[in-house]
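Okay, thanks for coming, everyone. Let me put the model up and walk you through a few parts of it.

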Amino acid sequence: MLFSNNPNTLKTIISNYVAKETLATSEDFIAFDKKFQEESSLFVYSNIPVLYDNMYSLADRATKTQLRKNKDFIICFPQVGFQLTPDENLFESTMVVNYQDVDEVKTNAQFKTIQVVNKVASTETEITDAIFILKPIYPTDLNAKSFLKRYSNGTTRFEVDLKDGLKNGRYEEYYANGEKKITGRFRKDVQVGTWRYYNRDGELLHKKRF
């Protein structure tokens with residue numbers, strides 16, 4: 001049974017379970033978990049590359065700069081676990097930290113994220129349809145008419161219309177300088193119509209019909 005004060009947290013957990021993207025189906029975690037006792041009073045596990053992405057998205061500009069500089073050092077320890085097990089009137093503590101070559105970490109399917117590859121020539125004319133693959137958007141208020149997210153400098157990152165908690169209506173994404181980047185529409189959480197991609201000067205570079 002799951003409880004949360006945010007319906008989007010529940011939605012994410014359920015979606016990951018249906019897609020079998022949980023620790024119970026992770027070969028890396030299953031192998032790592034064997035280094036600990038089966039029962040304990042406390043067990044903490046951290047997937048550092050995933051934690052890094054979450055920290056980065058919440059950090060201010062100065063912290064993001066430091067995180068970028070130290071990313072390879074941080075994620076080369078991809079798994080960290082800590083366990084407390086009762087031992088008479090005390091606790092036996094166990095901590096395991098895995099080290100892995102950073103290039104291996106980056107190619108590990110468990111840590112891969114969607115990479116938008118723009119095949120941009122010097123004239124900026126060759127752009128793939130992959131640029132319209134958007135990261136998941138989880139509105140914080142399912143009763144709101146729209147959802148907006150900002151850059152650390154205060155400018156709008158993107159804004160999307162909502163209906164009953166689903167993306168429904170216009171979607172507009174911007175560069176940090178305020179110039180429009182992507183425009184399109186959703187219908188019941190699905191991209192529809194013609195989507196357009198612009199460069200920082202406002203020039204239309206690519207469009208796709210959904």
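Two strands count as paired here if DSSP finds at least two bridges between them. The helices (H or I, at least four residues) and strands (E, at least two) are themselves DSSP runs, numbered from the N terminus.

Housekeeping before we go on. This is a predicted model, so local features need pLDDT of at least 70, side-chain atom pairs count only at pLDDT 80 or more, and totals for chains, interfaces and linings use all residues. Residues are numbered from 1 along each chain as its sequence is written, and side-chain values use heavy atoms, with hydrogens and water left out.

Three strands form an open antiparallel sheet, in the order S1-S2-S3. From one strand to the next, the twist averages 10°. S1 is joined to S2 (residues 79-87) by six bridges, and Asn47, for instance, has Gln79 as its bridge partner in S2.

What lies across S1 and S2? That's helix H3, residues 48-58, running at about 70° to S1. For angles, axes are lines fitted to C-alpha atoms, for helices over the stretch in contact, and the angles run from 0 to 180 degrees between N-to-C directions. Contact means heavy atoms within 4.5 Å.

Let's zoom in on Phe43, which is in strand S1 (residues 42-47) and has Gln83 as its bridge partner in S2. Leaving out residues up to four places away in sequence, Phe43 touches Phe29, Asp33, Phe36, Phe82 and Gln83. So, is Phe43 buried, partly exposed or exposed? Partly exposed, because its relative accessible area is 31%, where buried means under 20%, exposed over 50%, and partly exposed in between (1.4 Å probe, protein chains only).

On to the other sheet. Six strands form this one, also open and antiparallel, in the order S4-S5-S6-S7-S8-S9. Its edges are S4 (146-150) and S9 (204-209), each with a single partner strand, so one side of each has no neighbour in the sheet. S4 and S5 (residues 156-163) are joined by five bridges, and Leu148 has Glu159 as its bridge partner in S5.

Last topic, charges. A salt bridge here is a side-chain nitrogen of Lys or Arg within 4 Å of a carboxyl oxygen of Asp or Glu, and the structure holds seven. One of them is Asp72 with Lys106, closest N and O atoms 3.0 Å apart. That pair links distant parts of the chain, with Asp72 in helix H4 (residues 61-75) and Lys106 in helix H5 (residues 102-107), 34 residues apart.

Another is Asp189 with Lys167, at 3.0 Å, N to O. Asp189 is in the loop between S7 (180-187) and S8 (190-198) and Lys167 is in S6 (residues 166-174), so this pair ties together parts 22 residues apart in sequence. Lys167 counts as buried at 11% relative accessibility, while Asp189 is partly exposed at 27%.

And then Lys180 with Glu172, closest N and O atoms 4.0 Å apart. Through shared partners, salt bridges join Glu159, Asp161, Arg170, Glu172 and Lys180 into one network.
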